[in-house]
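Here are some notes to read alongside the model. Please have the viewer open as you go through the points.

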Amino acid sequence: MFVPVIVLLLSISIWMFNNEVHSRRMLTQQSEMLTLYQGKSVLEHLLRNAVQDLMFLASVDDLRQLIAQPGIDRNNKRLALVFKSMIEEKEQFDQIRYLDAEGKEVVRVNSRDGFGIVVSADNLQNKGGRYYFTETMKKQRHEIFVSPMDLNVEHGDIELPYKPMIRLATPVFDAAGNRRGIVIINYLADKLISLLGQEDHSSPSHFMLLNKEGYWLKGEKAADEWGFMFPDKKELRIFNRYPDAWKQIADANSGQFTTVNGLFSFSTVSPEQLSGGLGQEKIINTNKQTAGQGVQWKLVSFIPNAVLEMPVYILGKQYLAVNTVLAIIWGIVALLLSRARIYKIDAQRQLHEKEERISEIVNSAFDAIVTINERGIIETFNPAACAMFGYHGDEIIGQKVNMLMASPDREYHDLHILNFIETGVGRFVGKPGRVTGVKSDGTPIEIEICIGAKQIMDHWLFTAICRQYQEDRDRKM
């Protein structure tokens, strides 16, 4: 009887061990992809905001006045004040410039210790031969050039300490439609990279950012980074270290796979895909070295095999110890099997709860929930809100929220938002109230509403929880 029980015990233990290893691997893989997509979301959000700021600068009246009356000093000074204000508001901007049609800097404001420094006319340079100027001057109205991410170069030398830089530029036109120059922002990418690098210390993965050629912009170690900027580091590419992995990463937009080196998870950021949501603006990118093919960045999460296998090794030792004890006292095998079963159920429960929480947040709210930004633009509109107002999500998201309001709230809503941001006092922020809404067919509806406000970095997010007023519901019934 001893041998059959031991055989059965070993068979069951091996099966459960494999299942638990599989469950843990699945949990690790899902966690890595979630972390990866969060990093991608951060990168796209920051870049999209920078593009919006660029288009604003290209359309200000002070720039139009300068274009219409070039050479007048007061026009230059007024535009410089606009650039200076933007530099001081946006910490990630290192430099904002206006270059004329020949590439000469007309206005340049540098960032220094949080302040905008207007560069004197004697120190302005001609950038007519730089790739970002020539490529931007080929663009049409509302088109934007996005440069590759590289280190800032001043007077032919790489600036120290390193300044990772992305250049965003768009052409400007006079009233007759002629190109009169470009507006260009030097975006400090070190903040972007540092946000991507805020890894969970409990995670065993290395988070990497690669350019289109496979050079590290953020590497496993600092010595790997920016190899394409230095003649003696040209071989520091992921292709030379992980050739099998790079082939799969380069050939697909996103995915997850395992090689002899470990687990790789990756996703691609293409700036041209960020044009959605920017109205008429369109991002068109040109790579300095591969003109016309566009800028791409690869976000990669990597767990080495040694780290990946460590939990399996520990788990194997645990199972071995348990089976050694069970070989002596095999009568408690049912208890140990139950314990192993609990481990498996717990791992599956964690996976299930994660999926369920996400689903509940998005689809299962009873009340109508609407979130807007500081410009009053609707960002989320849950199913209950669709039912209350009679809109589909895809036709309401991106619209102004005041279209859901009756007069006079509709006309004054933007002022209410500005007043709250400036004073911290809002009509319904943090307390319930009642307003009149308007459904898609124009029918008025009485609504109980409570609004929550939260500042995220330098932006505000407002969340409104709405419910149809009880007397209004009873009257319609």
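1. What pLDDT does the protein average, and what share of the residues score at least 70? The average is 84, and 88% of the residues score at least 70; pLDDT is the predictor's confidence in each residue, from 0 to 100. Over residues 276-292 the pLDDT is below 50, though in the model this stretch has 48 contacts beyond near neighbours in sequence (contact means heavy atoms within 4.5 Å). Where pLDDT is low, the predicted coordinates should not be read in detail.

2. A word on conventions. This is a predicted model, in which local features need pLDDT of at least 70 and side-chain atom pairs count only at pLDDT 80 or more, while totals for chains, interfaces and linings use all residues. Residues are numbered from 1 along each chain as its sequence is written, and side-chain values use heavy atoms, with hydrogens and water left out.

3. The largest nonpolar core has 50 residues, and Phe83, Tyr98, Met149, Val183 and Trp297 have the most contacts inside it. Such a core is a set of buried Ala, Val, Leu, Ile, Met, Phe, Trp, Tyr and Cys residues joined through side-chain atoms within 4.5 Å; buried means under 20% relative accessible area, exposed over 50%, and partly exposed in between (1.4 Å probe, protein chains only). Helix α1 (residues 2-58) supplies the largest share of this core, eleven residues; helices (H or I, at least four residues) and strands (E, at least two) are DSSP runs, numbered from the N terminus. A second, separate core of 26 residues includes Phe389, Val435, Ile445 and Phe462.

4. Leaving aside neighbours within four places in sequence, its contacts include Leu54, Leu57, Ala58, Phe83, Tyr98 and Leu168.

5. Ala80 lies in helix α3 and counts as buried, at 5% relative accessibility. Not counting residues up to four places away in sequence, Ala80 touches Val107, Val109 and Val118. The C-alpha atoms of Ala80 and Ile117 are separated by 9.2 Å, with the two residues 37 apart along the chain.

6. Now the charged pairs: the structure holds 23 salt bridges, each a side-chain nitrogen of Lys or Arg within 4 Å of a carboxyl oxygen of Asp or Glu. One of them joins Asp62 and Arg78 (3.0 Å, N to O). Asp62 lies in helix α2 (residues 61-68) and Arg78 in helix α3 (residues 73-89), so this pair ties together parts that are 16 residues apart in sequence. Asp62 is buried, at 17% relative accessible area, whereas Arg78 is partly exposed, at 43%.

7. Asp73 and Lys77 also meet in a salt bridge (3.2 Å, N to O). Both lie in helix α3, four residues apart, about one turn of the helix. Asp73 is partly exposed at 46%, and Lys77 counts as exposed at 52%.

8. Asp224 and Arg241 form another salt bridge (2.9 Å, N to O). The pair links distant parts of the chain, 17 residues apart: Asp224 is in the loop between β11 (216-218) and α6 (238-241), and Arg241 is in helix α6. Asp224 is buried at 2% relative accessibility, while Arg241 is partly exposed at 30%. Elsewhere, salt bridges that share partners join Asp53, Lys90 and Asp458 into one network.
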